[in-house]
There are 4 protein chains.
Amino acid sequence: GDSWTVAGRIFNSRLIVGTGKYRDFAQNAAAVEASGAEIVTVAVRRVNVSDRNAPMLTDFIDPKKYTYLPNTAGCFTADDAIRTLRLAREAGGWNLVKLEVLGEAKTLYPDMIETVRATEVLAKDGFDVMVYCVDDPIGAKRLEDAGAVAIMPLGAPIGSGLGIQNQVTIRLIVEGAKVPVLVDAGVGTASDAAVAMELGCDGVLMNTAIAEAKDPVMMARAMKLAVESGRLAYRAGRMGKRRYADPSSPLGGLI
Amino acid sequence: GDSWTVAGRIFNSRLIVGTGKYRDFAQNAAAVEASGAEIVTVAVRRVNVSDRNAPMLTDFIDPKKYTYLPNTAGCFTADDAIRTLRLAREAGGWNLVKLEVLGEAKTLYPDMIETVRATEVLAKDGFDVMVYCVDDPIGAKRLEDAGAVAIMPLGAPIGSGLGIQNQVTIRLIVEGAKVPVLVDAGVGTASDAAVAMELGCDGVLMNTAIAEAKDPVMMARAMKLAVESGRLAYRAGRMGKRRYADPSSPLGGLI
Amino acid sequence: GDSWTVAGRIFNSRLIVGTGKYRDFAQNAAAVEASGAEIVTVAVRRVNVSDRNAPMLTDFIDPKKYTYLPNTAGCFTADDAIRTLRLAREAGGWNLVKLEVLGEAKTLYPDMIETVRATEVLAKDGFDVMVYCVDDPIGAKRLEDAGAVAIMPLGAPIGSGLGIQNQVTIRLIVEGAKVPVLVDAGVGTASDAAVAMELGCDGVLMNTAIAEAKDPVMMARAMKLAVESGRLAYRAGRMGKRRYADPSSPLGGLI
Amino acid sequence: GDSWTVAGRIFNSRLIVGTGKYRDFAQNAAAVEASGAEIVTVAVRRVNVSDRNAPMLTDFIDPKKYTYLPNTAGCFTADDAIRTLRLAREAGGWNLVKLEVLGEAKTLYPDMIETVRATEVLAKDGFDVMVYCVDDPIGAKRLEDAGAVAIMPLGAPIGSGLGIQNQVTIRLIVEGAKVPVLVDAGVGTASDAAVAMELGCDGVLMNTAIAEAKDPVMMARAMKLAVESGRLAYRAGRMGKRRYADPSSPLGGLI
């Protein structure tokens, strides 16, 4: 098989999906099923803990079948994110987590300095930290040095659906990393996910692209196949680009 | 299911593959199998007819299982292409054909005037003509008026692997056509095929992208999934693009 | 100097501008002045011939100072375009003309078959015909064979402002042409015009990008400089692209 | 006029040029002259201080006519960069400086954590610090908070000539900044410089694109015009993008 490993855990699916913006938990569960994902990420802050009679995500997406990946969406400082994940660990025993420390509410870009600091603290505290970050090759190394078990650069702003804006930086991060690299944020449609994988990423995380499609379950199936196809194309080794049909005419300065 | 129909024939696979540039017929057959294609295209001019002891493509790719689509690769005039297809029909009974009338050997771009002329003659002669053409919306209508049963615009020069250069023209052709539209030429990797399908095309034809991959059979499998994923994404209806995470901030002039 | 020649006439400016969509003739004239253009194109069909008291374009843009280039905007058949240009020649003595034969009103794409036919007739009739066309390298050669004195491929749909969609085709047309090549349609902002020139085109024609800018006169000045800068960059010979700073690391498959 | 101000100094040219990779000082000086630049940046580390008989840059580019902007190219830690700039200030009295703290020799990407730290120290020490950085909107704010007088995000790796890879991030930085923003690194040809200005940047810094052109002096002139044209286009307010010619058909999901 073509599995990948993060923090000692082996997964076959390279697609991680979210749990926000769906019509209801039933639709979310159907999309997760169609996506083939083995990991679902959940914003700790959005988990209902007060109303014991309200429906719960875990009633729809079985925590025994799927790996829950708590994330710190909505946290704007390292301290806030650290506190949130410690609570999550106490409550649910979750050790594999996704760290987000946001720099502002408008663009949801991460604050890299706070993110590095939080990664250090959490890693020392025994967490396996997958880290949302900007697509900065040196910043990615800093995170790895701080103990991140996976690097998760954004491809474009969260929720934008713009697709991967900078293939050069994603590729440089992949080339420099010793831990898995997953594109987190920016995917809008299937080909965007395939591009991420063709760049050599180990996986892709997405939420809005599935949840806000007209038919989320069908789009989830599309994303499953897109991630698989991009991964296979990367492994298969694509043809070179040429400007003309004639193999003896390599690409000139144009392309 | 999500089948498509050309000239009254129903197909489930939306990927058409070629039979050139492979190491040998065995590798070609393995790639066709992995691609899930139901149609394989064959250059009439390259078919071995002289040496009865040499291996034959039909020994490896069963004409009873796959629809053979004879093409006129290497023909530079309407008359040449018409003659070639008439010979093919006499020899093998093939009626569904792919017309290429090339304008020059360097870029292998089609000659649209000769292509329209050949389409008219062949359609009147009872052929079902799928037509390789430039990505010209008006030219595509001319071909449809001339009797083409499918429009096959290039996405980039044959054998270039550059991916779809002009999404605007492909989309305009799709919107204007009453017959199936398939991108023919230009696909280099999986995401390129997904993009073609996301634009609303009915299918994709490719040869070099598979045959010249380091592992053609694995790339054939990648392309199968890419075409399926792009088609599903098109049907599912992608999310809108936004510049910021905030849904109330639509894209401005930038994007 | 770095002049260019079409039909034996020498020009220093490589920017041709239009005369539609302006607030009034005065604004149009100010924009033409700021653009540095030596040629202005005028739709014969839109010229006021009935009301002798209404203001006239020639009162604002002096035909002795600027070369008027009559065009056939609004003509949908070869016959219509031929008739229109013959009337223009009888009325104003214009011999250097711009041919447009449109295929449909929605996209304003040219009909190449009618365009080739009209070019042949007009060339035999003594016109110097600059021809609006799709970005089809073989189609461009057909036009040249038919007697066109300049090839004017669209970069994107007329009035779209999308910028040059297909750099490969424009470059192939430039490489194959023995007459001047000018991008006609699709430019939206200054960098688009620079790109056209960097591809080796001899000039650019635009209307909407200037007329519909918030400040048309300032945009006209921007376009003047953009065309000059792109031309100089083409002549200066740009640096090669590299993936890394290190010159010994050439671009890999990524770019 | 359309001047810009950094640290209380007013400049009319928005193009800053470098002093590396030229054939000799004479060629460098000719290119600077042609570029219209008022600021030239010099790597403190590369300045010859040992051989008093060797030619000196200041013999060719007059420090009374041009503003010399010392930079810390080749420094890989905050301490190293701080020490370098203090030496430069003692030697030449330079107070307006360009800070680069590189993260690695291969890609020459900046180390943002060291860069923020150096900016703080230098700002407190009375320097006016223009700062090379990644195109990270939150990182840019951190630098501004640390006292940077200008933010200089890379458009692509130094010396790559790839053009601006991520228009979204550059635009977000421009929107969020209260100090001037200049694209530093990545420009390869004239249109790249125009794009930077069209995004609303206050200026562009480049070296390789001019120095490694076949004709550096002509390319310097091209860049002068490109920066001016992009700036004018930004101020003029470009037309909206449309998919069709018909103004009533706005762009759909495609573009």
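Buried means under 20% relative accessible area, exposed means over 50%, and partly exposed lies in between (1.4 Å probe, protein chains only). Helices (H or I, at least four residues) and strands (E, at least two) are DSSP runs numbered from the N terminus. In helix 7 of chain A, the buried residues are A:Ala190, A:Ser191, A:Asp192, A:Ala193, A:Ala194, A:Val195, A:Ala196, A:Met197 and A:Glu198.

This is a predicted model, in which local features need pLDDT of at least 70, side-chain atom pairs count only at pLDDT 80 or more, and totals for chains, interfaces and linings use all residues. Residues are numbered from 1 along each chain as its sequence is written, chains are lettered from A and ligands numbered from 1 in the order in which they are written, and side-chain values use heavy atoms, with hydrogens and water left out.

**Confidence**

The model scores ipTM 0.93 and pTM 0.94. pLDDT is the predictor's confidence in each residue, from 0 to 100. Chain A has a mean pLDDT of 92, and 94% of its residues reach 70 or more. Over residues 246–255 of chain A, pLDDT stays under 50, and the model has 18 contacts beyond four places in sequence for this stretch. A contact means heavy atoms within 4.5 Å. Where pLDDT is low, the predicted coordinates should not be read in detail.

**Relations between chains**

Copies are superposed by least squares on the C-alpha atoms of residues with pLDDT of at least 70 in both. Chain A is superposed on chain B by a rotation of 180° with 0.0 Å of shift along its axis, at an RMSD of 0.0 Å. That is the relation of a two-fold axis. Both copies use the same surface, as 100% of the contact residues of chain A recur in chain B.

**Enclosed elements**

| Element | Residues | Buried residues |
|---|---|---|
| Helix 7 of chain A | 190–198 | nine of the nine |
| Strand 5 of chain A | 67–71 | five of the five |
| Helix 5 of chain D | 167–176 | seven of the 10 |

The cover over the buried residues of helix 7 of chain A comes from two chains: it includes helix 6 (167–176), strand 9 (182–184), strand 10 (203–206) and helix 9 of chain A, together with helix 6 (190–198) and helix 8 (216–236) of chain B. A:Gly200 follows helix 7 of chain A and has a positive phi, near 100°.

Helix 9 of chain A is also mostly covered, with 15 of its 21 residues buried. The expected span of a helix is 1.5 Å times one less than its number of residues. For the 21 residues of helix 9 (residues 216–236) of chain A this should give 30 Å, and the end C-alpha atoms are 30 Å apart, which agrees. After helix 9 of chain A comes A:Gly237, with a positive phi near 80°.

In strand 5 of chain A, A:Thr67, A:Leu69 and A:Asn71 point one way, A:Tyr68 and A:Pro70 point the other way, and all are buried. Two strands pair if DSSP finds at least two bridges between them. Strand 5 of chain A pairs with strand 4 (residues 39–43) of chain A in the parallel sense over five bridges. In this pairing A:Ile39 stands opposite A:Thr67.

Helix 5 of chain D has as its buried residues D:Val168, D:Thr169, D:Ile170, D:Arg171, D:Leu172, D:Ile173 and D:Val174. These pack against helix 4 (137–145), strand 8 (150–153), strand 9 (182–184) and helix 6 (190–198) of chain D.

**Cysteines and a loop residue**

The structure holds zero disulfides over all chains, a disulfide being a pair of cysteine sulfur atoms within 2.5 Å. The sulfur of C:Cys133 lies 11 Å from the closest cysteine sulfur, in C:Cys201, which is too far for a bond. For D:Cys75 the closest cysteine sulfur is in D:Cys133, 17 Å away and again too far for a bond. C:Cys133 is buried at 0% relative accessibility, and D:Cys75 is buried at 0% relative accessibility.

C:Asp202 sits in the loop between helix 7 (190–198) and strand 10 (203–206) of chain C. At 21% relative accessibility, C:Asp202 counts as partly exposed. Leaving aside neighbours within four places in sequence, C:Asp202 is in contact with C:Trp4, C:Arg14, C:Pro180, C:Val181 and C:Met197.
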